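Biologist: Could you walk me through this one feature by feature? I would like the general idea each time, and then the case at hand.

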Amino acid sequence: MPKDMLSVSTLPSEIPQETSTKTAEPLYTLNDNGAFDFSKLLEKPRPLNIERQRSFDERSLSELSAMSPHLHSRNADTHFEGMFSPCRRSVSDTPRSFHASFEPHPTIADAWDTLRRSLVYFRGKPVGTIAAMDHTEELLNYNQVFVRDFIPSALAFLINGEPEIVKNFLLKTLRLQAWEKQIDRFTLGEGVMPASFKVLHDPVRNTDTMIADFGESAIGRVAPVDSGFWWIILLRAYTKSTGDHSLADMPDCQRGMRLILTLCLSEGFDTFPTLLCADGCCMVDRRMGIYGYPIEIQALFFMALRCARQLLKPEAGGKEFIERIDKRLHALSYHMRSYFWLDFQQLNDIYRYKTEEYSHTAVNKFNVIPDSLPDWVFDFMPMRGGYFIGNVSPARMDFRWFCVGNCVAILSCLATPEQSLAIMDLIEERWDELVGEMPLKVSYPAIENHEWRIVTGCDPKNTRWSYHNGGSWPVLLWLLTAACIKTGRPHIAKRAIELAERRLSKDGWPEYYDGKLGRYIGKQARKFQTWSVAGYLVAKMMLEDPSHLGMISLEEDKKIKPPLTRSHSWTC
């Protein structure tokens, strides 16, 4: 193996497998209004019986969080049918069984095998999963462990009762945060988390070396704004899943959170509570016109603030940060819910905007020119439904749909209960556009022709309906599933998962699919993309047992819920 390759190998085969058959007690009932009542999740956490393994954490998964209090749907009577029936057999190569009334899908076994082969080791301990194992393509940076890419892998291992790798990952990336970071003689902020890292193995000396990338090697040389947010979100997920607060309480972890918060809570020239970002600073990591205030970053920012609010201790300056978080959350939630939200009524209001208003009573506060509204949005917007648009800044509104931002808005309660249901309504109403034949569009619609040349700089990877320009990404299944469960719409997730199961494993777990319907394997898509595998597994396991939602979902905080005075599409 070349020295610049990662040390990747399979877990030992002697890992014990859980093969016992259990009858799962239903975790929900229907109330008088026909909505789901998940109160049992509040009253009686459902412990996971996990066989101890030699190198695993000594704690069991004893704390499961409560589900959202606003789980309801018009089709509630069909959502969870058959989801908690006894298991008939265990799945090959998986330590835990799937409790289902049907034969386990063969894709599950293949997914676990592929995920375990992607593990990366540092000095004998698993510290992450490689981005892709497609040996037929040039490596580029796909032989690294990406922070954002590891999130679904981490959730899969947590749900499966294997927290050690997640703990190792959190601690190793925390150490990397402390490194001095320079790009062309310019020093980055102390709290910046790496975009990725790789492990170099020297077989002669039998040593491992870790190298991190903070953006200095990335295409475009952009620092990853989202890495720090995902790190905080994962730290909370680990804490909720294991019940182990000792990791988050460590002085190093407390300091790491404060450093991240220092970067994003610093005062400057901004008149908005949102974060100003460069293009390519998140999952959409190439030039795609998301510079400014992209919805993905704002939603992750909001969720990370709320997670940090739960994890921070008042000591050593933590109290000051908690107060700053509370203040920012209130302003950010109001701004996003008021100005980023779009439904039929709001679209009609923007269409009728007057311009050049100057006063505190201005309705068109960002001076958006109605003639700049794209034609497609009038046909795309249903009478019932809505979503958070891609970007809002002076004289500019990006009306594109971005999946990550909207799903995270639901999970973090940035979206109100009504807005969350409206996002689900939109997905159902525009199924062909947003899901098609392979879930799920990372953005919609694609930009093309002259606009593509201007916005992307003629990027050959982001051509129309490909990659981040309207491509379909299977990894997004886990986010969609979590959002569906929280809003009481698991049938949407079930339908999407069934679509993915028809081809994902057979196609070799591609990174993304191309075309309006997501019919074709992406022209530059890597095969055996780890987060495509993990995203499927998390979606499957979460739909199987919705109690796992608590590790990645937050409850609504009444203190940060501002009143909205305008009409909403869900009242039509």
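Predicted model: local features only at pLDDT ≥ 70, side-chain atom pairs only at ≥ 80, totals over all residues.

Biologist: Let's start with the backbone. What should I expect of phi and of peptide bonds in general?

Modeller: Most residues other than glycine have a negative phi, and most peptide bonds are trans. Here, the bond from proline 439 to leucine 440 is cis, with omega near 10 degrees. Another cis bond runs from tyrosine 444 to proline 445, with omega near -5 degrees.

Biologist: Where are leucine 440 and proline 445 placed?

Modeller: First, the naming: helices (H or I, at least four residues) and strands (E, at least two) are DSSP runs, numbered from the N terminus. Leucine 440 sits in the loop between α14 (431–434) and β15 (443–444). Proline 445 is in the loop between β15 and α15 (449–456).

Biologist: And which phi does arginine 185 take?

Modeller: Arginine 185 has a positive phi, near 70 degrees, though it is a residue other than glycine. Its place is the loop between β6 (182–183) and β7 (186–187).

Biologist: Is arginine 185 buried or exposed?

Modeller: The terms go by relative accessible area: buried is under 20%, exposed is over 50%, and partly exposed is in between, using a 1.4 Å probe and protein chains only. At 83%, arginine 185 is exposed.

Biologist: Now strands. How do you decide that two strands pair?

Modeller: Two strands pair if DSSP finds at least two bridges between them. β8 (196–202) and β9 (207–213) pair in the antiparallel sense over seven bridges. Within that pairing, leucine 200 has threonine 209 of β9 as its bridge partner. Strand β5 (residues 145–146) also runs antiparallel to β8, joined by two bridges, and valine 145 is partnered there by phenylalanine 197.

Biologist: How many residues lie between the strands in the hairpin of β8 and β9?

Modeller: That hairpin has four residues between its strands, and asparagine 206 takes a positive phi near 55 degrees there. Asparagine 206 is exposed, with a relative accessible area of 61%.

Biologist: What about serine 393, buried or exposed?

Modeller: Serine 393 is buried, at a relative accessible area of 10%. It belongs to strand β12 (residues 391–393). Setting aside residues up to four places away in sequence, serine 393 touches Tyr293 and Phe366, where contact means heavy atoms within 4.5 Å.

Biologist: How should I read a nonpolar core?

Modeller: Picture a set of buried Ala, Val, Leu, Ile, Met, Phe, Trp, Tyr and Cys residues joined through side-chain atoms within 4.5 Å. The largest such core has 169 residues, and Trp231, Leu234, Tyr387, Ile427 and Leu476 touch the most other members. Helix α8 (residues 295–311) gives the most to this core, with twelve residues.

Biologist: Which residues does leucine 476 touch?

Modeller: Leaving out residues up to four places away in sequence, leucine 476 touches Met283, Cys403, Val404, Leu440, Lys441 and Val442.

Biologist: Finally, what separates a pocket from a cavity?

Modeller: On a 1 Å grid over the protein atoms alone, a cavity is a set of points where a 1.4 Å probe fits but cannot get out; a pocket is an open set with protein on both sides within 12 Å along at least five of seven lines, and lining residues have an atom within 4 Å of a point. Points are joined across faces, edges and corners, and a volume is the space filled by probe spheres set on them.
The largest pocket holds about 900 Å³. Its lining has 32 residues, with Leu263, Cys264, Leu265, Ser266 and Leu275 nearest the centre. The largest share of that lining, five residues, comes from α9.

Biologist: And how many cavities are there of 30 Å³ or more?

Modeller: The whole structure has four. The largest cavity has a volume of about 110 Å³, and among its 13 lining residues Arg148, Trp230, Met283, Leu479 and Trp531 lie nearest the centre. Helix α3 gives the largest share of this lining, three residues.

Conventions. Residues numbered from 1 in each chain as written. Heavy atoms only, no water.
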